[in-house]
Amino acid sequence: MVRVVVIDEREGLADLLVERLRESPSVETCQPAPPGEDGFGGLLSGGRVAVLSEQNIDTVVYSPPPLKRRHEVPDLADAEAIFKECARAGVKHFVLLSSAAVYGAAHHNIGFLQETRVLLRQEKPASANRWLELESLAAFYLAGDSEATRLVILRPAATPRPGGGDYFSRLLGGRAAVTLPGHDPTLQLLSPEDLASAVRCAVEGNARGVYNVAPDGVVSLRSALRLAGAARLPIPRTLQRLARTGIKRAGLCHPIEQLDYVRYSWTVSNRKIKSELGFAPQRTSAEVALEFRSSKRGGALSSSSSPRQAEEFDDFGMDKGYINAYGRTLFKFLHDRYWRVEVEGLAHVPVKGRAVMVGVHRGFMPWDAVMTLHLLARELGRYPRFLIHPGLIKFPFLFNFHTKLGGIIACQENADRVLERDEILSIYPEGIRGAFSLYRDAYRLGKFGRDEFVKMALRHRAPIIPFVTVGSAEIFPIIGKLNWGWWKRLTDWPFFPITPTWPLAPVPLPSKWHTQFLSPIHVEDRYPPEAADDPAVVRAVSREVRARMEEAIAEMLRRRKSIFYGSIFGETGGSADESRYEEKIAYRGEASRPGVKRWSSG
């Protein structure tokens, strides 16, 4: 049995924490620390050590107050005083309520960040660094070499509550919410009830360390505001800076830095707290927003379940309605009329199940990926996820465009999530530099990086489907590149490209496209998952994929008579001819792997 004190200045939330902790069979007593001018009612002034000792307080739950009103940064001086006195009093268990804002919000966030993935200081806003410093202070005073105190740090997602002074409570609680145009990121909204349950799990458990606290589902910013009954007011960041004083007087202004948290996604993973502390969130983000609307007009925090929300939201922001709407208009025009895309081998793409598609990206604009997505969605009803470079979502409207089409930041964690769901993962293994190839080298394959696509396919037992496009390099044929440092910092692009139309008239040329999907390479039938750790196998599979793609590109270029018109998959180069040279490539791939370890299923 433990004796707990809750130090939290947030109105309503502290009472909820105390109420839930008193219900725990592991808690003997639990009391809130009443606020006062000299600290928390004398608990942290003068005789604070004696108070902690006399009442035999062995567990402290602490949420730092904000540094000043309307600022989302903790008061580090107050926190340090708490940590010092609890260390002197010999508190055995300390639960610190930090924030998922510690990760910061940036265009290179991969999404569903794990506890070990904290960005460098220079990559985050100052507020995120303050949260990180708070956690460092707690570890310094309470988790030293002796580890006499069991320290648990909880990083809750945004937890809006009616009348709350935090950023998201004010954002959802007003009649109008100032946001940024062209940015509709996915959010995680945590119910106060779920936060209280997570704190109770932390007090009852024996674990120590850092844990994210987040619901299972996400909600888009636009939908969250709609569910909460707040009108969206998109104002460009520059104008908000210029008109800051006027907006603030109108009661609609938040600290300018907070706009990053409605600009980019900063979702976190809750796997660790589920497995180690047994925390099971009860409400989704959409339900939290809906419940907030019903209770923000004077309603109290309720333990009852909110109405179930039928609308589903994709974890990374893909919007199939958005894709289908453009598929009936712009994408259809570009695919069927402007670039007149000719397709061969579509039957090689599975209609269900996981797969790794490996392609060639040219023309520096991602239109070849968009046309592939449109084709698979229209013809097969499949929506592949493309691993993309962070520079593609750095700017307004480009963020919405790429995330709603299913683009996700390229990393191992995101690839695993896609394949675990039996979806199609599409990769351009040459990376962003392949997209910026000079036109004279447009149809020469560059380096395939570290062959991560092979390891992904092997680990998840997914077939590899190579596909190539001839014609996309001509929409913006790169005839020169400028290596400007300021441009790299601004855009995250490796070069400033020079083409016949870019940047003076950034209109893609109406070249004729030819896309071919090659026969699958069923690595799942050849090797077990542990073959992903065998460098010889990985290199051999990568060489096979590369050989097939090079052979296909060479054959397609040989057949092509014009950049702007003509078919290469007609009677002169039909599918029978395609099958013959694919069989030849497959044979060459098998025969070119001397010395590779053979794996047996027996």
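**Chat on a predicted model**

Biologist: Is Leu490 buried, partly exposed or exposed?
Modeller: Leu490 is partly exposed, with a relative accessible area of 39%. Keep in mind that this is a predicted model.

Biologist: Which helix does Leu490 lie in?
Modeller: Helix H19, which covers residues 485–491.

Biologist: What nonpolar patch does Leu490 form on the surface, and with which residues?
Modeller: Leu490 forms the patch with Trp484 and Trp486. Together the three have about 310 Å² of accessible area.

Biologist: New topic. Where is Val537?
Modeller: Val537 sits in helix H21, residues 535–559.

Biologist: Buried or exposed?
Modeller: Val537 is buried, and its relative accessible area is 0%. Under 20% is what buried means, so Val537 qualifies.

Biologist: How far apart are Val537 and Lys455 in space?
Modeller: They are 9.5 Å apart, C-alpha to C-alpha. In sequence, 82 residues separate Val537 and Lys455.

Biologist: Now the whole chain. How many helices and strands are there?
Modeller: The protein chain has 22 helices and 19 strands.

Biologist: What share of the residues is buried?
Modeller: Of the 602 residues in the protein chain, 57% are buried.

Biologist: Last one, contacts. What percentage join residues at least 24 apart?
Modeller: The figure is 81%, taken among contacts in the protein chain between residues at least 6 apart in sequence.

Notes
Residues are numbered from 1 along each chain as its sequence is written. This is a predicted model: local features need pLDDT of at least 70, side-chain atom pairs count only at pLDDT 80 or more; totals for chains, interfaces and linings use all residues. Side-chain values use heavy atoms; hydrogens and water are left out. Patches are made of residues with over 30% relative accessible area and no salt bridge: like charges are joined within 9 Å, nonpolar side chains (Val, Leu, Ile, Met, Phe, Trp, Tyr) within 5 Å. Accessible areas come from the Shrake-Rupley method with a 1.4 Å probe; for residues, only the protein chains shown count as cover. A salt bridge is a side-chain nitrogen of Lys or Arg within 4 Å of a carboxyl oxygen of Asp or Glu. Helices (H or I, at least four residues) and strands (E, at least two) are DSSP runs, numbered from the N terminus. Buried means under 20% relative accessible area, exposed over 50%, partly exposed in between (1.4 Å probe, protein chains only). Contact means heavy atoms within 4.5 Å.
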